[in-house]
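Thanks for making time. I will go through a few helix contacts and a few residues, and then stop.

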Amino acid sequence: MSDYSDPDWLRSRIRAILAFYHPTCLDDHHGGFIPQLDTETGAVYDRESKHLVATARFTRNFALAYDRFGEERWAEAATRGVRFLHDQFRDADRGGYHWLLEGTTAVDSRRFCYGHAFVVLAYARAAAAGIPNAAAHLADAWSLVDDRFYDPGQGLYRSVYDPDWAHASSYRGQNANMHLCEAALVAAEATGDRQYSDRAATVAERLCVDLADDGRIWEHYDSDWTPDYDYNRDEPTHQFRPWGYQPGHHAEWAKLLAVLDSYVDDDWPAARATDLFETALMGWDDDRGGFYYTLDTDGDPLVDDKYGWAVAEAIGAAAALAAHTGEDRYRDWYDRLWTYAIDNLTAPSGNWYERVDAANEPYQTGDGPAVEPGYHPIGACDEALRSLCE
């Protein structure tokens with residue numbers, strides 16, 4: 001078995017994922033990136049579709065790579081991403097960022113908090129890497145998100161507006177808020193500004209403490225943040241908003257709270273981080289490995305597909321908790337998770353499959369706009385390097 005905490009091995013994993021996408025992903029016709037690559041072959045299957053989340057995640061990946069490896073090609077790619085987000089995705093007339101482009105033409109201009117969270121994160125990571133204009137764009141994007149999406153009475157963010165900001169959906173979701181917390185933590189690290197870490201703490205405490213459902217985190221809420229247990233009940237496999245409890249999000253929160261703990265003079269982030277990691281493990285398939293995508297309200301598996309992002313977030317959480325607590329069980333889980341990922345989720349190219357079925361057989365690459373250009377596994381490696389090697 002490989003030494004999964006060896007820094008050279010972790011860096012090689014990051015490089016393998018970057019090499020799968022770069023330079024094929026560089027769109028020299030429209031600018032920005034092409035995320036629609038077949039996982040097995042690396043062939044482009046759609047040159048036009050550009051998703052806000054994918055563009056922001058690419059930008060973060062390349063900024064992180066420049067920070068870690070200091071190679072100019074990664075700075076150039078991150079600069080490309082910052083420029084495309086600001087010049088093409090940003091709606092200069094109405095404010096905010098489009099959700100989906102075809103080339104450079106907006107085809108879906110709804111204002112999703114989830115997407116704006118990744119814009120903040122991308123600018124923050126780029127600012128930390130010294131990418132031109134990223135710090136100024138971060139300040140502007142944060143101001144927009146704070147003004148448009150944040151509800152100070154709830155301490156949480158609204159989910160969706162129509163393109164001219166005239167109407168907000170009554171739906172509220174924990175997922176967008178979780179990623180705003182993540183983005184705020186990266187911005188706090190990049191700038192040293194307490195406004196970001198304070199907001200991350202507010203959001204995290206509301207969702208992980210105040211609204212926790214017997215310690216678990218529900219996904220969907222009404223406008224007053226009452227849990228909506230019927231939302232998407234008939235769509236348990238929904239890509240962004242499935243019905244049920246998601247073990248992967250409990251692992252992701254565990255990681256974020258372990259990071260947040262250094263900013264909060266209280267015991268709750270560390271305590272909830274360990275609790276939520278244990279809750280995530282309730283969704284681990286002891287026979288075949290991997291996390292079930294969703295569990296029903298009784299804790300029974302609802303969708304038995306296994307997503308790569310959930311395992312990646314659990315790797316990051318296990319690394320952070322191992323460093324935070326010194327307990328061997330987290331190192332054991334860290335190794336176990338990596339073994340599963342290498343055996344079942346890693347394509348021959350070194351990139352990760354988005355999901356596999358119950359028998360750990362990968363699904364073929366879909367034909368819709370891609371949103372996951374290696375963001376989660378690169379994040380897992382980065383957190384392991386930070387927590388276990390530095």
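**Helix contacts and buried residues**

I begin with a contact between two helices: Trp 9, Leu 10 and Arg 13 in α1 meet Tyr 334, Trp 338 and Ile 342 in α11. By class, the residues of this contact between α1 and α11 are five nonpolar, no polar and one charged. Please keep in mind that this is a predicted model. Helix α1 covers residues 7–21 and helix α11 covers residues 328–345; their axes come within 15 Å and cross at roughly 35 degrees. The crossing of α1 and α11 is left-handed.

Which residues touch the most other members of the largest nonpolar core? They are Trp 253 and Trp 338, in a core of 132 residues. Helix α10, residues 308–325, gives this core its largest share, twelve residues. As background, nonpolar side chains in soluble globular proteins tend to be buried together.

Now Trp 253. Setting aside neighbours within four places in sequence, Trp 253 is in contact with Gln 174, Met 178, Cys 181, Val 203, Ala 204, Leu 207, Cys 208, Ile 217 and Leu 276.

Trp 253 also takes part in the packing of α7 against α8. Helix α8 is residues 247–260, and α7 and α8 pack at an angle of about 135 degrees with their axes 11 Å apart. That angle makes α7 oblique to α8. The crossing of α7 and α8 is left-handed. On the α7 side the contact is made by Ser 197, Ala 200, Ala 201, Val 203, Ala 204, Leu 207 and Cys 208, and on the α8 side by Trp 253, Leu 257 and Leu 260. Sorted by class, the contact of α7 with α8 has nine nonpolar, one polar and no charged residues.

Staying with α7, which is residues 194–210, another of its residues is Arg 199. Is Arg 199 buried or exposed? Arg 199 has a relative accessible area of 16%, so Arg 199 is buried, the cut-off being under 20%. Not counting residues up to four places away in sequence, Arg 199 touches Trp 142, Asp 146, Tyr 150 and Tyr 157.

The last pair is α4, residues 113–128, and α6, residues 174–191; their axes come within 8 Å and cross at roughly 15 degrees. The crossing of α4 and α6 is left-handed.

From α4, the residues in this contact are Cys 113, Tyr 114, Ala 117, Phe 118, Val 120, Leu 121, Ala 124, Arg 125 and Ala 128; they meet Asn 175, Ala 176, His 179, Leu 180, Glu 182, Ala 183, Val 186, Ala 187 and Ala 190 of α6. The contact of α4 with α6 has 14 nonpolar, two polar and two charged residues.

One of the α6 residues there is Glu 182. Glu 182 has a relative accessible area of 8%, so Glu 182 is buried. Leaving out residues up to four places away in sequence, Glu 182 touches Phe 118, Leu 121, Leu 256 and Tyr 375. Phe 118 and Leu 121 belong to α4. Finally, Glu 182 and Gly 316 are 134 residues apart along the chain, and their C-alpha atoms are separated by 13 Å.

That is the end of the tour.

Key
Residues numbered from 1 in each chain as written. Predicted model: local features only at pLDDT ≥ 70, side-chain atom pairs only at ≥ 80, totals over all residues. Heavy atoms only, no water. Axes fitted to C-alpha atoms, helices over the stretch in contact; angles between N-to-C directions. Helix = DSSP H or I, 4+ residues; strand = E, 2+ residues; numbered from the N terminus. Left-handed = near helix turned anticlockwise from the far one by under 90°. Contact = heavy atoms within 4.5 Å. Nonpolar A, V, L, I, M, F, W, Y, C, P; charged D, E, K, R; others polar. Core = buried A, V, L, I, M, F, W, Y, C linked by side-chain atoms within 4.5 Å. Buried < 20%, exposed > 50% of the residue type's maximum accessible area, 1.4 Å probe, protein only. Parallel < 35°, antiparallel > 145°, perpendicular 65-115°, else oblique.
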